[in-house]
Amino acid sequence: MRLIKNLLALIVLAIGALWSLQGVGVVGGSFMTGQSQWLYIGVVTMLVGLVGLVWTNR
């Protein structure tokens, strides 16, 4: 069960990183590219993933 929680938290963290990079304009090819709101949404999503990792491994 711990492995599954870690994997889910890592996936959420990775999705947040992708959204942040799209918001900044580093990753293109989406409607999110260059939209600063996706930077903020991505940062919050990465924080949720990080909290999930810490909570799972405490």
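Q: In this predicted model, what makes the pairing of the side chain of S20 with the backbone nitrogen of V43 a polar contact?
A: The backbone nitrogen of V43 lies 3.3 Å from a polar atom of the S20 side chain, and because a polar contact is a pair of N or O atoms within 3.5 Å, with one able to donate a hydrogen and the other to accept it, the pair meets the distance cut-off.

Q: Why is S20 called buried?
A: The relative accessibility of S20 is 8%, and since buried means under 20%, S20 counts as buried. S20 belongs to helix α1, residues 2-24, where N6, A9, G16, Q22 and G23 are buried as well.

Q: Which residues is S20 in contact with, leaving aside its neighbours within four places in sequence?
A: With those neighbours set aside, S20 is in contact with W38, L39, G42, V43 and M46, and helix α2, residues 36-56, is included in what covers the buried residues of α1.

Q: How do you know that the span of α1 agrees with what a helix of its number of residues should have?
A: At 1.5 Å a residue, the 23 residues of α1 should span 33 Å, and the end C-alpha atoms of α1 are 33 Å apart, so the two values agree. Just after α1, G25 takes a positive phi of about 105°.

Q: How many helices and strands are there in the protein, and what share of its residues is buried?
A: The protein has two helices and zero strands, and buried residues make up 22% of its 58 residues.

Conventions
Residues numbered from 1 in each chain as written. Predicted model: local features only at pLDDT ≥ 70, side-chain atom pairs only at ≥ 80, totals over all residues. Heavy atoms only, no water. Helix = DSSP H or I, 4+ residues; strand = E, 2+ residues; numbered from the N terminus. Buried < 20%, exposed > 50% of the residue type's maximum accessible area, 1.4 Å probe, protein only. Contact = heavy atoms within 4.5 Å. Expected span 1.5 Å × (residues − 1).
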